[in-house]
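Biologist: I am new to this structure. Please show it to me, and then I will ask what lies behind the terms you use.

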Amino acid sequence: MRCPEQARTVRGQRGIFILLLLAIGVLMLLLNAHTPLMMDDYDYSFSWSTGERLDGIKDIFSSQAAHYHIWGGRSVTHFLAQLFLYLGKPVFNIANAVMYIVLLLEIYALCKRRESAWDWRLVLLAHILLFACVEFFAVAFLWLDGACNYLWGTAIALVPLLIARSEREGGFFDGDGPQGVLAIPLCFLAGWTNENTACGILACLVFLLGWDLLRRRKIRLWRVLSLLAQALGVAVMLFAPGNYARASEVSSRSFVMEMLYRAAVVTYCAVRYAGIPAALAAIACATAVKKKIQLRILWLCTLFGGAVLSAFALVGSPQISNRSFTAVIVLMIALLLAVMADKKPAADRHSMHVGAVLFLLAVAAGVHALCAVKQHELRWAEQTDRICLAVQENQEQVGIRSVPSSSRYTMDIVIEHSPDEWPNSTLSRYYGIRIAGE
């Protein structure tokens, strides 16, 4: 039993933990509220089946069936995008802020020690590192279509790792009851999210299963079935006809040279986007080893392997984008924080002071981000107001300007000169007037 002083400490930690999550949630809600619809959002406002505006949940299912054959296999994340576009941006703003909190809690669950609870400093550090390390923050966390693919896709794809840790360490999934049955559909959905992330996580779980077989650890039936379900989800996504319909670009390089080129690009991007948390984790590990601190080696290797495999799974993709490294950054942050948690920082007055300084830094970064997002919103609103005015005046065509990004918390809105080029063509369909770039 805890003594009264320990109980008060735990209650205080829990209170700070909850208040911190609320503060971060409010910040993300404001950032989402001031991030307008952009680019692909206008495309996904229409059914890929009928070409008309979305008209109900049933219409979204038929749209995704067509999308699966025309464009690609990320049906889960694009279903979410079309669902939010149908329900309205205010619904998305709230849901996306909640999902960002869920992602922070997932990072916390992946990095914390089993015996620790309510360590709000780990959550605060995770938030600060995401703000600092994700150069494409707006694309992955604020833009509606991008957030559904990369924030939501990453959060869902990480679920099997969370289930694995829970099953191994006496958590909710440590049993043979209904929780095991629940894991099977969850893992299937996790596999059907994002190509490189889902493949990286799947490879990690195959490694853990092999490790446990070598160690002759008891393997539950539902664990094998959930792994097969996850692999099935990955297969459903990868073998979508739309993936092959779009992969028409032919490289001038030989196959070997093309693979080497992609590997070099992936290595560069991985170092660029996830290098900071990876380097800090390496330094923290070296310090812990020097001080003879016991680390959770198997779990740290699992997180590192998930990050590396999620990155190099992109070698199989002809197109490598920065936002595809979202999960790589998230897993490297979880790795860094797991090493820090293993070093058992004392919850004393000194650490409270450090936490307070970090909180002030987070507030300053949040205010800066909000100012940048508001300015970007205003500049795009000027262009959409011109469109709406032209529609009211029954004009046949209107010219608007591109809105370049000036911050990692905003993204470029590029308008082409011809009304027939994308995204002008989609904007024209959305507003009912021909739109050209100035």
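**Terms and values**

Modeller: Q383 counts as buried, at 6% relative accessibility. This is a predicted model, in which local features need pLDDT of at least 70 and side-chain atom pairs count only at pLDDT 80 or more, while totals for chains, interfaces and linings use all residues. Residues are numbered from 1 along each chain as its sequence is written, and side-chain values use heavy atoms, with hydrogens and water left out.

Biologist: Why is Q383 called buried?

Modeller: Buried means under 20% relative accessible area, exposed over 50%, and partly exposed in between (1.4 Å probe, protein chains only). Q383 has 6% relative accessibility, so Q383 counts as buried. The residue lies in helix 17 (residues 349–392); helices are DSSP runs (H or I, at least four residues), numbered from the N terminus.

Biologist: What is Q383 in contact with, leaving aside its neighbours within four places in sequence?

Modeller: Q383 is in contact with I400, R401 and V403. Contact means heavy atoms within 4.5 Å.

Biologist: Why is G170 called partly exposed?

Modeller: The relative accessible area of G170 is 43%, and therefore G170 is partly exposed. G170 is found in the loop between helix 9 and helix 10. From the C-alpha atom of G170 to that of A33, 137 residues apart along the chain, the separation is 40 Å.

Biologist: What covers the buried residues of helix 11?

Modeller: The cover includes helix 8 (144–157), helix 12 (221–238) and helix 15 (297–312). Among the buried residues of helix 11 are I201, L205, L208 and D212.

Biologist: Which elements do the buried residues of helix 15 pack against?

Modeller: They pack against helix 5 (89–111), helix 9, helix 11, helix 14 (255–290) and helix 16. W299, L300 and G306 are among the buried residues of helix 15.

Biologist: What makes up the contact of helix 6 with helix 16, by class?

Modeller: Helix 6 is in contact through L122, L125, A126, L129, L130 and C133, and helix 16 through I329, V330, I333, L336, L337, M340 and A341. Ala, Val, Leu, Ile, Met, Phe, Trp, Tyr, Cys and Pro count as nonpolar, Asp, Glu, Lys and Arg as charged, and the others, Gly among them, as polar. By class, the contact has 13 nonpolar, no polar and no charged residues.

Key: Helix = DSSP H or I, 4+ residues; strand = E, 2+ residues; numbered from the N terminus.
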